Amino acid sequence: MKNEINNKLETLIKGFLPVLYQEDDPDYVSGKFAPGIEGREKYRYWEWTQGVGLFGLWKLFEKTNDKKYLDMLTSYYDERIKQGLPGKNVNTMAPILTLEYLGEYLKREDYLDIAREWTAWLYNGGLPRTPEGGFQHRTTDDFNDGELWDDTLMMSVLPLANMGRIDGRKEYIEESIYQFLLHIEQLADPITGLWYHGYSYKRKDHFAGAYWGRGNSWATIALPLFDEIVSLSPGLKKYLSTVLTRQVEAISRLQDGSGLWHTLLDKEDSYLESSCTAGFGYGILLGIKLSMLDPKYTAVAEKALPAVMEQIDDNGILQLCSYGTPMGRESQDWYKEIPIHPMPYGQAMAMLFLIEALDDNL
């Protein structure tokens, strides 16, 4: 199995750059993405989609120490910095996480200074806050007034925590802790254990009440990654472990016989989706490694692994990956209609899962 995973990982890496720099992104090509925004071209390759992809590449470099991956990353960031970075929001914060790791590893103050500027903007109120001080999910296209989304933990809170670790900024770490606790309070359903996609302070509801697959997987990934970044205190780690366990226990009962999960976790009439499956597999294995999950959940990841590998085609493209998904505000049917399209985050989530599976000798 180890050879098969390695072969799939190599194939997946082959497809990474073509997807990272894809020219046919539907929303960008059609003009739907960021219409009328000054410097629109700067957003094309600096968004959350690329940010998650770059993090997967960084983790690949961490595991292999292969300079070619480091070169891919520095080339990307140097090109984007030369071009000029786009405006700041929750989603454009996502590439900052890997930039921080690169700056720390390479001792490049130019990288770290950019990360410091962006995280200071986030911490000091550049991003609007919801009532109770949550990070409002302000995106390039939408203000989303008074809204918390589960994506925010991965895209913005982790970069803030990581900069707190690197620079010894305790206040950044404390703010990150608060954001995790508030998002859990408003988004993690204590009855099912699953996470809602979003919460509106204005509407006082969870929009369409969707248990969206990839959104749930952001939580499965972000909770253990938070501990990996800041080394949580025992009491906080125990609490986050309880939240994670409740969620993983729930998704283990909803896993399809194929090993995949549906894009709406509790709706079998919604399509099976690969990026959430890879995210669940990675988060579960990382959670077990960090003693946040019982090892019995390894079986859930083991079932997901061949299902994800089967979706990696000969060109290294992860199939069955759903396109970027705004909030389903009124109907859960919205999620069933999101198109399938290769995306950098799908490539990265599969890479992260396969890397962790190799470490666990699955």
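The side chains of Arg 116 and Asp 113 come together in a salt bridge, 2.9 Å from N to O; the term stands for a side-chain nitrogen of Lys or Arg within 4 Å of a carboxyl oxygen of Asp or Glu. Both residues belong to helix α7 (residues 109–123), where they sit three residues apart, about one turn of the helix. Helices (H or I, at least four residues) and strands (E, at least two) are DSSP runs here, numbered from the N terminus. Arg 116 is partly exposed at a relative accessible area of 25%, and Asp 113 is also partly exposed, at 44%. On this scale, buried means under 20% relative accessible area, exposed means over 50%, and partly exposed lies in between (1.4 Å probe, protein chains only).

A word on how to read these values: the model is predicted, so local features need pLDDT of at least 70 and side-chain atom pairs count only at pLDDT 80 or more, while totals for chains, interfaces and linings use all residues. Residues are numbered from 1 along each chain as its sequence is written, and side-chain values use heavy atoms, with hydrogens and water left out.

Lys 59 counts as buried at 12% relative accessibility, whereas Glu 62, at 42%, counts as partly exposed.

Another pair reaches across the chain. Glu 175 and Arg 129 form a salt bridge whose closest N and O atoms are 3.0 Å apart. This pair links distant parts of the chain, 46 residues apart: Glu 175 lies in helix α9 (residues 170–187), and Arg 129 in the loop between α7 and β1 (147–149). Glu 175 is buried, with a relative accessible area of 15%, while Arg 129 is partly exposed at 29%. Elsewhere, salt bridges with shared partners join Lys 63, Lys 289, Glu 356 and Asp 359 into one network. In total, the structure holds 26 salt bridges.

The buried residues are Ile 96, Leu 97, Thr 98, Leu 99, Glu 100, Tyr 101, Leu 102 and Gly 103. They pack against α4, α5 (67–83), α7, α8 (151–167) and α10 (213–230), with contact meaning heavy atoms within 4.5 Å. Just after α6, Lys 107 takes a positive phi of about 55 degrees.

Two further buried residues show how parts of the chain meet. Phe 180 is found in helix α9 and counts as buried at 1% relative accessibility. Not counting residues up to four places away in sequence, Phe 180 touches Leu 153, Val 157, Leu 158, Ala 222, Leu 223 and Phe 226. Asn 216, in helix α10, counts as buried at 0% relative accessibility. Leaving aside neighbours within four places in sequence, Asn 216 is in contact with Asp 150, Leu 194, Trp 195, Tyr 211, Gln 247, Leu 265 and Phe 280.

Stepping back to the whole fold, the protein has 15 helices and four strands. Its radius of gyration is 19 Å, close to the 21 Å that the globule rule gives for 362 residues, so the protein is as compact as a globular protein of that length; the radius is taken over C-alpha atoms, and the rule is 2.2 Å times the number of residues to the power 0.38. Along the principal axes, the C-alpha atoms fill a box of roughly 50 × 45 × 45 Å. Of the 362 residues, 60% count as buried. Among contacts between residues at least 6 apart in sequence, 70% join residues at least 24 apart.

The accessible surface comes to about 13700 Å², and 49% of this area belongs to carbon and sulfur atoms; areas come from the Shrake-Rupley method with a 1.4 Å probe, and for residues only the protein chains shown count as cover. As for charge, the mean positions of the 36 positive and 53 negative charges are 3 Å apart. Lys and Arg count as positive and Asp and Glu as negative, with His and the chain ends not counted, and each charge is placed at NZ of Lys, CZ of Arg, CG of Asp or CD of Glu.
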